[in-house]
Amino acid sequence: MDWLFFSEIGLAGLGSGGLYALTGLALVLIYKATRVVNMAIGEILMLGAYVFMGFSAGLALPIWASIILAILVTGLVGGVVERAIIRPMLGESAISIFMITIGLGSVLIGVVEIIWGANPQRLIEFMPKDPIFILDAYLSPKVGYAFLIAAIVVGLFLIIFRTWRGGVALRATAGDQAAAYSMGINVPKVFSSVWVLTSMIAAGAGILVGSIGGISPDMGVYGLSVLVVVIVGGLDSLLGALIAGILVGLIETYAGAYLGGEFKMLATFMLLVVVLVIRPYGLFGTHEIERL
Amino acid sequence: MSILKVAKRATGALLAAGLITGAAQASDKKDIVLGGSIPLTGVFAFAGVGIHAGITDSVKIINDAGGIEGHKLVYVPEDTAYKVDASVAAYNKITSQHDVNLYYGDSTAFSKTISPELDRSGKTLMTGASFASELNDPEKYPNIFIPGPTYVDMVGILMKHIANEKPGAKVGLVHSETEFGRDPVEGAKATAKELGLDLNLVISTAPGGVDVSTEVLKMRRARPDYVIFHGYVLSPIPEFIGQARSMGLDTKFMGTFWSMDNQMVGKMGEIADGFMGVMPYNYYYTEAENAPMLEKIRSMRDTYQSNAYMQGFFSTIMMAEAARNVIKAGKELNGPNLHEGLEAIKDFDTGGLMGIPVTVKGNSVPIGRVYQYDLSKKQMVPSSDWIRLD
Amino acid sequence: MRIGTVKESYIADAALFDTKVQRGWMFALLAGLLLLPFFTGQYASYLVCLVLINIVSTAGLNILTGFTGLVSLGQAAFMGVGAYTVALMEIKLGTPFLLNLLVAGGLAAVIGIVVGLPSLRVKGLYLAIATIAASVILHFVFANWTSVTGGVSGLSMPPASLFGFEFIQPDQVYWIIMPITVIMLFGAANLFRTRIGRAFIAIRDRDISAEVLGIRLLRYKLLSFAISSFYAGVAGGLWAYFFRVVTPESFPLTMSIFFLAAIIVGGMGSILGSVLGAVFMTMVPEVLKMMVGVLSPIWPDAVAVMSPVRIIVFGGLIIIFLIFEPDGLAEIWRNIRRFFHLWPFKT
């Protein structure tokens, strides 16, 4: 057994796990606040990456401005989507809204293809290129820095979520919508802001993912792995998303390295099946009790 | 645009269409239809758009020069989005509306799918975007030909080049996990053995898989002197090269035909310098003596045309030549006769599309040339002479 | 105008077609189906066959999702099971096509039951995602069990044959596809006149209440999965006979979403909805293609935006129908019918 190789793979897995955790966080937030599983998260992530490319390569703006603009624009799109197609569905069954987001994903793919074409593209390189060595183990610089950024964003986010007023309102809404309403919390506004916020997170994740492996309209399949992350962690658990994100990242990368590229998806979904059988509501999710 | 204008233009277009069909009817010789399942959209759109332009121009040139022995060549394309079932649908649609003798198919999978149908109908000769070695079997695929060397041949040409440069070198093969990507793997293993090369790394990448960091780690372990990519247009080749360079590997990277477009390689940026590959045709910008066809292309289109354009162009003139041979021999246009017509192509001068005269061998045209990217010129420049495989 | 329908017995109330007019139309439709291939070209026959195959699969998914309330994104994968079964039996055994189709349906049903097993513990979104897992795993099997499935290159198979006659062209395969589709549709319609069908509906409306009423949840949920997958398996088998080549890429996840979209657009919990939805969703790309054909003299790039527009229209239809007409085309159809029945009075 080549332990150096093993640890290098582990590092790479940790890196992609960090990005899963970040995107998973966005998915869990939407679910917690609005009880919607956003199947379009992968497509929103893709949109963010393309908008970034549009600003940085198309309009030749500086990188930092492009990143900020891409995140803002995608956030705006998230807000519009919420108002236009999610708000009218309030009170409908979870499954209907779930399917609406599937439709949304399809629309986003088409829009991106019309604007930027279907060919795979590359983002402008903006991360340092010097290789990172942790002891002897090599870590791709892009993956390393992406992990670092993801970790910082997640950390910041958790602090805000705990302390800031809006974060409290969000948690209150998540706990009990009716009660939150009666306490004077503007629930529709919370809904909108959650969509804006999570779309912004997804855009950021999209820029990171895209700068590692390039972008294409079908990079939305990334969302499938993220879906596994949140189901494994528990749909309503932030901590679960973080842990499961790392777990899925590691399992996927090890499977890819030792078994072959085609085993990546299989390993991820096998994990999903195992978790669904052992703990149907995820490792950290709450089991909701139904009453008549 | 106002509705009136649209209407005007529409009537104009209809009139034009009417005139064209009228003109066709005026000539007493029957039109020869070239159908096409063309991936104008989807993941292979880059190639599809080029192929479409190449076929269109080539058909125009042939018709301007009096058609195929007086028969007008008509091109009927249909978009497939590079999906097999859509390609089959396109084939069904075109063949139900026209009497199709020539066909361009868009993928290895489609060629294999439709082959039994071609045999059954016995009317059509097909070529396409696929160079799969599997199709190079006149017994099994009598109605299909490959407009160039097979993928195995391409890898073989590259390996020969490697064996000349550095005998016994360590070689890696990175291919996509598709029918297209898997095609040369077994052949490459055999060729490497024959040439005494050490093929110590074979990596398959999942389709749509964007993160290649673990694959690069494997490459770092194997430290191949050369890596051949097959089954990609661009992504993830730049990622591989970029990460390998940042690890300090001085591996040389190579590609097969579909990775060889000048603009695509240019998109890699600095790391493209020294990227090598095999290409059976001349590039749009190639300055060669006795290349009237290249001159004509450059006069028709004043901007760079992709390698896919050349592929579509070459495919068309080969099919037209096969049809010409059939008509000259006074035979009926059908599958078996077209195949004979194709086999009869000996030392055919393509007007500079290929650097040397073309002779069909089996179902393919095993000719190619190794090119290398020169960053200062921003061009692929030849680094070998034309190689004819025997 | 129709004054009213008088029903004297329960049987009359539960009849599939409650008026003579309706029965008349039904016969007209069947006669039309019998005469159709004599009046259409190959391409039209091709489209009709494709529509019919999609109808079978959509009807199957509607039984599971529309009538039992269990969302599945595995329909295409079950079709794949059916298609591979048919291809293998045709290549290796050469058994008659009816038997192959039955086995294809049966095998798909068995796999459907396995996939449905978590449905007792998880439901709703979790179940939908479990079915995605099933389709990923099945896709892996199709692509990598090379000795059986032929790997990524898939399988090419001979056409269906009966007494030496080979069904090759679309207008020939039609004679296999059309009768089977009709039979399967009647089967589905009749299912909901039985205890099983009513149990499905009870589970959809509130599964805990249904359990209280004495419906064994696991058994009926699994039964629903089995029936739905059986339909998918048969549809996949027909698909295989139609295209005569089966590859792992033939049944992608997007195809499952297509069927889901078809039942949403057509109308969930309605057999008529399955038919309308499948017809509509299959024909939309064709209509777009025709529009491109019309537009291309004026706008040569029309074909380049065709594929993205198709994706947008596809997603847009899901969204629009869910927001504005959750009961789908079937409801629109009923409204139109009601209008004519009651005319000149307002509904």
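Predicted model: local features only at pLDDT ≥ 70, side-chain atom pairs only at ≥ 80, totals over all residues.
In brief, chain C is as compact as a globular protein of its length, and chain B is divided into two parts, domain 1 and domain 2.

**Chain C overall**

- You'll find 15 helices and 4 strands in chain C.
- Its radius of gyration comes out at 21 Å, close to the 20 Å that the globule rule gives for 347 residues, so chain C is as compact as a globular protein of that length.
- Buried residues make up 50% of the 347 in chain C.
- If you take the contacts in chain C between residues at least 6 apart in sequence, 75% of them join residues at least 24 apart.

**Helix H8 of chain C**

- Helix H8 of chain C covers residues 170-191, and at 1.5 Å a residue its 22 residues should span 32 Å; the end C-alpha atoms sit 30 Å apart, which agrees.
- There is a bend of about 30° in H8(C) at C:Ile176, with a proline, C:Pro179, following within four residues.
- C:Ile176, where that bend falls, is also one of the buried residues of H8(C).
- Other buried residues in this helix include C:Val173, C:Tyr174, C:Ile177, C:Ile180, C:Thr181, C:Met184 and C:Ala188.
- As a reminder, an α-helix has 3.6 residues a turn, so residues three or four places apart point the same way.

**Where chain B meets chain C**

- Here 26 residues of chain B are in contact with 21 residues of chain C.
- On the chain B side, helices H1 (3-26), H3 (84-97), H4 (108-121) and H6 (179-182) each supply at least two residues.
- H3(B) gives the largest share of that side, with 8 residues.
- By type, the residues of chain B that touch chain C split into 11 nonpolar, 7 polar and 8 charged.

**The two domains of chain B**

- Domain 1 of chain B takes in 27-149 + 289-359, while domain 2 takes in 151-279 + 369-388.
- Their C-alpha centres lie 28 Å apart.
- Between them, 17 residues of domain 1 are in contact with 21 residues of domain 2.
- On the domain 1 side, helix H2 (45-64), H4 and helix H12 (307-328) of chain B each supply at least two residues.
- That domain 1 side divides into 9 nonpolar, 7 polar and 1 charged.

Technical notes:
Residues numbered from 1 in each chain as written. Chains lettered and ligands numbered in written order. Expected span 1.5 Å × (residues − 1). Bend = angle between axes of the 7 residues up to and from the residue. Buried ≥ 20, exposed ≤ 12 C-beta atoms within 10 Å, placed from the backbone. Contact = placed C-beta atoms within 7 Å. Nonpolar A, V, L, I, M, F, W, Y, C, P; charged D, E, K, R; others polar. Rg over C-alpha atoms; globule rule 2.2 N^0.38 Å. Domains from an automatic or database assignment.
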